[in-house]
Amino acid sequence: MSPSERFGHELVRHRKEKGLSQARLADRLGCSPSLIGHIETGNRRPQLDFAEACDRVFGFTDSSVFARLCRRITELPSGPHWFLRWQEEIEPQAMTLRTWDPLLIPGLLQTEDYARAIFRGHYATSERRVEEQVRNRMQRQVILEREDPPLLRVLLDEWILNRPIGTPKVMADQLHHLATVTTRRTISIQLVPYDTSCTDGLMSGFAIAESADTHTVVSVESAGTGDVSADPEVVTLIMSRYDTIRAEAYRPAESLAMIKEAAAQWTQRS
């Protein structure tokens with residue numbers, strides 16, 4: 001499904017859920033019913049002001065669902081195909097997200113400067129492309145600002161606190177941000193000791209998304225590739241690995257204290 005077709009598909013779905021005809025929706029948006037029809041079939045690209053109006057009509061002023069889909073039509077893809085599916089279709093619909101990250105702080109909790117330092121580390125990437133990727137990463141985080149944000153359960157390798165990404169100030173700001181967000185009731189962060197005997201966490205990073213209908217999908221990432229799967233066998237395997245790793249983790253309160261201590265050390269260095 002192309003980005004334009006996806007926009008049209010979502011427009012049809014939300015219009016019907018609201019019980020609106022094309023004519024009634026057009027009246028609310030201040031456009032012609034024929035324009036609605038062309039956009040819904042993917043035969044015409046929506047403009048950003050049209051998408052923003054759709055967000056207002058459907059009550060998506062916080063998550064900017066249609067504006068995000070509109071930007072996806074005109075902007076260069078900001079990741080591999082498998083991850084775009086996760087980012088656009090699965091993550092925004094999740095009621096619970098569980099992640100294991102052995103190398104970096106997960107994208108949903110990154111600051112702009114931390115994300116920028118990561119993308120700049122790919123030396124062949126242009127500065128313009130870096131900024132596009134940073135904007136896209138920040139846009140993903142709007143799901144945490146919704147009135148009904150997903151429950152986010154994050155497992156991090158302890159070494160992430162000491163791994164220099166960018167300058168000491170970038171690290172200090174990132175860890176202060178991590179300490180702030182972990183005080184939210186919907187976000188839990190646990191550090192996993194670097195010397196744990198559990199090797200399941202060495203396989204790869206992964207994420208688990210559970211939707212309102214208890215449908216579970218996993219995203220598994222490794223060097224240069226990744227996969228998104230709802231296959232029961234794969235889901236069971238990743239859930240088992242998550243539980244095994246979590247059993248080795250520090251408690252959230254202990255983890256928060258360690259994050260604050262590391263943030264203070266990076267602040268001194270900056």
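Predicted model: local features only at pLDDT ≥ 70, side-chain atom pairs only at ≥ 80, totals over all residues.
Trainee: Which residues in α2 meet which residues in α3?
Mentor: From α2, take Gln22, Ala23, Leu25, Ala26 and Leu29. In α3 they meet Pro33, Ile36, Gly37 and Glu40. Contact means heavy atoms within 4.5 Å. Helices (H or I, at least four residues) and strands (E, at least two) are DSSP runs, numbered from the N terminus.

Trainee: How do the residues of the contact of α2 with α3 divide?
Mentor: There are 6 nonpolar, 2 polar and 1 charged. Ala, Val, Leu, Ile, Met, Phe, Trp, Tyr, Cys and Pro count as nonpolar; Asp, Glu, Lys and Arg count as charged; the others, Gly among them, count as polar.

Trainee: And α1? At what angle does it pack with α3?
Mentor: About 120°, with the axes 7 Å apart. Helix α1 is residues 3-17. That makes α1 oblique to α3.

Trainee: Which residues of α1 meet α3?
Mentor: Ser4, Phe7, Gly8, His9, Leu11, Val12 and Arg15 do. Their partners in α3 are Ile36, Ile39 and Glu40. This contact has 5 nonpolar, 3 polar and 2 charged residues.

Trainee: New topic. How many residues has the largest nonpolar core?
Mentor: It has 37. Leu109, Leu175 and Ile189 have the most contacts inside it. A nonpolar core is a set of buried Ala, Val, Leu, Ile, Met, Phe, Trp, Tyr and Cys residues joined through side-chain atoms within 4.5 Å. Buried means under 20% relative accessible area, exposed over 50%, partly exposed in between (1.4 Å probe, protein chains only).

Trainee: Which element gives the most to this core?
Mentor: That is α9, with 7 residues. Several others supply at least two each, among them β1 (94-101), β2 (151-157) and α11 (252-269).

Trainee: What does Ile189 touch?
Mentor: Leave aside its neighbours within four places in sequence. Then Ile189 is in contact with Leu109, Val154, Leu156, Leu178, Val181, Thr182, Pro252, Ser255 and Ile259.

Trainee: Tell me about α9. Which of its residues are buried?
Mentor: Val170, Met171, Ala172, Gln174, Leu175, Leu178, Ala179 and Val181. The buried residues of α9 pack against α7, β2, β3 and α11. The helix has 14 residues and reaches 20 Å from its first C-alpha to its last, close to the 20 Å expected at 1.5 Å a residue. The expected span is 1.5 Å times one less than the number of residues.

Trainee: Which residues does the second core include?
Mentor: Leu11, Leu29, Phe60 and Cys70 are included in this separate core of 20 residues.

Trainee: Is Cys70 buried or exposed?
Mentor: Buried, with a relative accessible area of 5%. Cys70 lies in helix α5 (residues 65-74). Beyond four places in sequence, Cys70 touches Phe7, Pro46, Gln47, Leu48 and Ala51. Gln47 is 23 residues away along the chain, yet the C-alpha atoms of Cys70 and Gln47 are separated by 7.1 Å.

Trainee: And Asp55, where is that?
Mentor: In helix α4 (residues 48-58). Asp55 is buried too, with a relative accessible area of 5%. Not counting residues up to four places away, Asp55 touches Phe60, Thr61, Ser64, Val65, Phe66 and Ala67.

Trainee: Last one. Where is His122?
Mentor: In the loop between α7 and α8. His122 is partly exposed, with a relative accessible area of 48%. His122 and Gly19 are 47 Å apart in space, C-alpha to C-alpha.

Conventions:
Residues numbered from 1 in each chain as written. Heavy atoms only, no water. Axes fitted to C-alpha atoms, helices over the stretch in contact; angles between N-to-C directions. Parallel < 35°, antiparallel > 145°, perpendicular 65-115°, else oblique.
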